[in-house]
Amino acid sequence: MASRKRVFDLLRTIDRVSCQCPAHGFRGNFQVSYETPVLDYAFEIKSSTVRYGIGVTREVGQDLVNFGVKNVCVMTDSNLVSLKPVKEVLNSLTKNGVNYKVYDKVRVEPTDTSFKDAVDFAKKGKFDSFVAIGGGSVMDTCKAANLYYSDPEADFLDYVNAPIGKGKPVNVRLQPMIAIPTTSGTGSETTGTCIFDFEEIHTKTGISHSALRPILAIIDPLHSMTMPEKVANYSGFDVFCHALESLTAIPYNERGPAPSNPALRPTYQGSNPISDVWARFCLQVIQKYFSQSVYNADDLDARSFMHLAATMAGVGIGNAGVHLCHGLAYPIAGNAKTFVPKDYGKDPMIPHGLSVVMTAPAVFRFTAASDPEKHLEAANLLGADITGKKKADAGAVLADTILKYMQKMKIENGLAELGYTKEDIPSLVKGALPQFDKQRLLQLTPLPQSEEDLSTILEESLTVY
Ligand SMILES: NC(=O)c1ccc[n+]([C@@H]2O[C@H](COP(=O)([O-])OP(=O)(O)OC[C@H]3O[C@@H](n4cnc5c(N)ncnc54)[C@H](O)[C@@H]3O)[C@@H](O)[C@H]2O)c1
Ligand SMILES: [Fe+2]
């Protein structure tokens, strides 16, 4: 968008001309100044160690022996505890003589109350390590349990993202944690984030700090073979949006201010050439394998590629970040009243991937003006023919491409089908605003957005087809 670009160009010019002497001047991208520039000029990529391979879970017991730990807290949910993925982890632990206790009460789409229950369990044991085996709900709960186990005096809100909590940095040493994902999926195995529904205000928020990142992510595609159809479908749309949002997030060098100390560079830094590689790979995998992986449950190739793509998108978002679809998804999921999805139990809830994709067509129609070429490229990677398409078409082309996927994958027809009406929109906007605080996603949205813009996006998402 011309006006935004002009503002950034101006800021850069001010930055450059502030001192032109050889010791302090900017020369192209070369930063030789010791003064803090207005906009950031650097990005960094952090990730857990990622190990990928069919059947690689058998190594987890040896890893724990190699770490020198003796007493492991294994976390999972009540469904997975009787399935093959968890059995394989426990077999490997037993075979390698590692002591463990299992917590299997993780809540699907966790809340502050369910996080605290897991923390209480951890505090009752003398654990020197954690293993999470499950989807994002399990991995996130395990990160929180590890944090508050390692800092037993902390108040729960100390570490929760501002402005809801105090957003305190983590200065205590956490126990080593291994994450083994079973959905394809959140990418939580490589991120320093854990998300929960804060019941008091009916919206999701989280805790974000690199110290929460698991030290090892074991990616075993065999675990994805037991995923029910709807779990594969909705968690696949989470990967879909992670890739699209990290690719279209504000570029790292248009986000500011630059940190005065590298330790203060935010976890989520905006799109950058390395995260873009992950995102592009994911979009290509989605184009080739997504629907096959959902509808041919025994297609190991398709499920393996989606499982890998989920982790790769996780590395992308773990550094670039996400923006509007996720920011708006938090109150959408937090206010679920009547929708009971198949394959997720009996309680009303809106699975994360579903809450995220609901607004995607409207969001990318809105953000396309920020970088039409990148939006067209994304549509093309997802299979759209963009021959002869103009920059002005970018939003419509990407939105139509997304809608085709949603229709093919039988995604519910908009927020109305999840139980929302036009009257709910002001409270959804209100619930979304904390996510757009300067600490979080606002910095990453490629265009400035007003409350009115958020309302329009939600209104357009009431019925999508
Ligand atoms: N920390 C992060 O970076 C991050 C990123 C995105 C989302 N999230 C969070 O992750 C959560 C969603 O996680 P999710 O989508 O992975 O699903 P989930 O962990 O909520 O699991 C969904 C359901 O699928 C079942 N299941 C999972 N794997 C299975 C398998 N292999 N076989 C049979 N059943 C299986 C579970 O038992 C559960 O009933 C949300 O709370 C969301 O906010 C976190
Ligand atoms: Fe997500």
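Which residues of α12 are buried?

## About the model

This is a predicted model, in which local features need pLDDT of at least 70 and side-chain atom pairs count only at pLDDT 80 or more, while totals for chains, interfaces and linings use all residues. Residues are numbered from 1 along each chain as its sequence is written, chains are lettered from A and ligands numbered from 1 in the order in which they are written, and side-chain values use heavy atoms, leaving out hydrogens and water.

## Helix α12

The buried residues of α12 are P372, K374, H375, L376, A378, A379 and L381. Buried means under 20% relative accessible area (1.4 Å probe, protein chains only). Helices are DSSP runs of H or I with at least four residues, numbered from the N terminus.

Seven of the ten residues of α12 (residues 372-381) are buried, so this helix is largely enclosed by the rest of the structure. Its buried residues pack against α6, α7 (273-295), α11 (360-367) and α13 (394-408), where contact means heavy atoms within 4.5 Å. Just after α12, G383 takes a positive phi of about 110 degrees.

D238 and H242 lie about one helical turn apart, because they are four residues apart in helix α6 (residues 229-248). D238 is buried, with a relative accessible area of 2%, and H242 is buried too, at 3%.

Methods
Helices (H or I, at least four residues) and strands (E, at least two) are DSSP runs, numbered from the N terminus. Buried means under 20% relative accessible area, exposed over 50%, partly exposed in between (1.4 Å probe, protein chains only).
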